[in-house]
Amino acid sequence: MFRKVFLILFLVLGLNANNLFVGVNAGIPITTPKYSDLDMMLQSMFPETGIGYSLGINVGYKSNFGPNNGLKYYLEYIYSESYSEPVAKDVKDVKADINSQLITLNVDYYYNFTNVFGVYAGLGIGYVSYNPKYTMPQTPIMPSTIELTKGGFALPLNLGLSFNINKHHGLSLGAKIPLIGCKYKVSFPGADNASVKLSTYIVSVGYNYTF
């Protein structure tokens, strides 16, 4: 049913429906916070880098320049979650759980060296939202849980390798490198004017099916 809808849509648009593709991916996100105007003692309680897991889906279209190269246009959604501990080793029972949702429109240039192996590079433009949750021992001025939500403009650089099993099935090893971080105020006692900028780098393995 869904395949027929996609095929009809691409025929109406005058495109080659055989170049339509859908894909899924799973990977490892690396989230790097950068703090500004935050007391050094408080900053030591917050994580520097977190890693976790990511899951994504995409749908798009290939426009061939020739037998070996062309462009890929696709819409992609990625959910990721990173976990980390504070920099200060003597701080106990402090954890960070930072989840992120990224949706982008992407254009990648691809080049196939052989029928099996190729490379790609491109850019995405879209929206990213973060929901960091910090859990720590409660004090008179510090709550036991700090949860923040922020979203903003996303501009990832896409780089990767592609492996074509046959005309329909393919694999990829890729990376998303954020060119812009998401910055927001940290609002809790002792950090009234502080801010943090979050950036998430994602390395993933993907599978795609080309109609």
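Visitor: Which residue of β9 does Gly160 stand opposite?
Guide: Gly160 stands opposite Gly174. This is a predicted model, in which local features need pLDDT of at least 70 and side-chain atom pairs count only at pLDDT 80 or more, whereas totals for chains, interfaces and linings use all residues. Residues are numbered from 1 along each chain as its sequence is written, and side-chain values use heavy atoms, with hydrogens and water left out.

Visitor: Why are β8 and β9 called paired?
Guide: Two strands, which are DSSP runs of E with at least two residues, numbered from the N terminus, pair if DSSP finds at least two bridges between them. Strand β8 (residues 156-164) and β9 have 9 bridges in the antiparallel sense, so they are called paired. A hairpin through 4 residues joins β8 to β9.

Visitor: What makes β9 and β11 a pair as well?
Guide: Over 8 bridges, β9 pairs with strand β11 (residues 195-210), again in the antiparallel sense, and the bridge partner of Leu171 in β11 is Tyr207.

Visitor: How do you know how far to trust the coordinates of residues 140-145?
Guide: The guide here is pLDDT, the predictor's confidence in each residue, from 0 to 100. The protein chain has a mean pLDDT of 81, with 71% of its residues at 70 or more, but over residues 140-145 the pLDDT is below 50. Where pLDDT is low, the predicted coordinates should not be read in detail.

Conventions
Contact means heavy atoms within 4.5 Å.
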